[in-house]
Amino acid sequence: MMHVDVDFAMPGDDASIRRLVKRQPVPGRVTVAFEREPDFSLGCAVTGDDCRILVARTAEDSEVVGVACRSVRNVFLNGSEQRLGYLGQLRVDERFRGRWLVSRGFSLLRQLHDDDPVPAYLASIIGGNPEATEVLVGKRRKMFPHFHAIADYCTLALDAHRTKGPLACDARVSPASSAELAELVDFLRTYGRHRQFFPVWTELALRNLAALGLQIEDLRIARRGKKIVGVTGLWDQSAYKQTVVRGYSSWFKAVVPLWNSSAGWFGRSALPRPGDKLRSAYAALICVAHDDAAVFGSLLREVYNLASLRRFSYLLVGLDARDPLLPVAQSYAHVFYPSRFYLAEWSDGGHLHEQLDRRPVYVDAATL
């Protein structure tokens, strides 16, 4: 058996990590590879603060055969600010699949946790990936944290083939400006706390997003009179994150030729062929006062049209299956990608999953 060392990533590992994620697609109705060119760490920077990348390397040639990321976020839990962990980007070379390698990774994560404890870690598993669910949830080992399901998550790839007309709404929608940041942060803090895991934004944090592809002028603010009543933005991460289609499930594969042959007639985008990159951007920072569907509809339409004008094929929207705003996004032609959120807690933790109230979860799909 080839010997493997599990350790923290070093700068020299980056090219090998990018090769790993390129050759290890994520299964589902649409099998995709989440590539991270030209720098894997940039894609991890959006997941939270103090991101630590763990790798498994072969002793013989230092090839990376496993990777995972651990970061922390300041979020709202039951309406109060809380520091929370995030686990993501887990990939294991198929030659090394099995619980022993994952176990060694969790042993190192536990050391990180002991040095910097948080009440729990948010994690997601994409629908159609039973292997990950079985290893992490169904037959977890003693050193694994417990994974507790907390929400079903809907990612919708809205077909942005062509622009659409504006929607009637009594709120005025306009691009954001730097002069509005303090007011915007106050709004996000006031209404974001009505969702579990909504980020606790600061002016500095919003400004720093520009380096990661979310420009202030790409945010759209809805106002009634002078009062902000909603915000949504367009986040383009294509400079450092790429999604490549590798294949379709058996029944979906049969639908693709019919869909593509009729795409022109119905004014929609053709589904990508295996090997094609998805030209997509994210709807981000979705926050609407009092869950006003009309306000969200106008904001989403503005961001959708912006994505279309910039020639993105799809606008990705991620919402909790219980979110009252979800039907607005579902009214667009879309491809649905299900997943499930979990709170991973060590056995000596505080059982955070039992303390959550019934507020819907909000996590930006761009930060997963």
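Me: A cavity is a set of points where a 1.4 Å probe fits but cannot get out. How many cavities of 30 Å³ or more does a search of the whole structure find?

Reply: Rolling a probe the size of a water molecule over the atoms shows where empty space is left. In this predicted model, the search finds one cavity of 30 Å³ or more. The largest cavity holds about 40 Å³ of space.

Me: Which residues line the largest cavity?

Reply: Its lining consists of Arg-70, Leu-87, Leu-109, Leu-112, Tyr-121, Pro-145, Ala-344 and Trp-346. By type, seven of the lining residues are nonpolar, none is polar and one is charged.

Me: Which residues touch the most other members of the largest nonpolar core?

Reply: That core has 89 residues, and the ones touching the most other members are Leu-188, Phe-197, Trp-235, Leu-300 and Leu-315. Beyond its neighbours within four places in sequence, Trp-235 is in contact with residues including Val-46, Leu-209, Tyr-240, Ala-281 and Thr-367. A second, separate core of 20 residues includes Val-72, Tyr-121, Ala-123 and Val-135. Tyr-121 also lines the largest cavity.

Me: How many disulfides does the structure hold?

Reply: A disulfide needs two cysteine sulfur atoms within 2.5 Å. The structure holds zero disulfides.

Notes
Residues numbered from 1 in each chain as written. Predicted model: local features only at pLDDT ≥ 70, side-chain atom pairs only at ≥ 80, totals over all residues. Heavy atoms only, no water. Core = buried A, V, L, I, M, F, W, Y, C linked by side-chain atoms within 4.5 Å. Buried < 20%, exposed > 50% of the residue type's maximum accessible area, 1.4 Å probe, protein only. Contact = heavy atoms within 4.5 Å. 1 Å grid on protein atoms, 1.4 Å probe; cavity = no way out; pocket = protein on both sides within 12 Å on 5 of 7 lines; lining within 4 Å. Points joined across faces, edges and corners; volume = space filled by probe spheres on them. Nonpolar A, V, L, I, M, F, W, Y, C, P; charged D, E, K, R; others polar.
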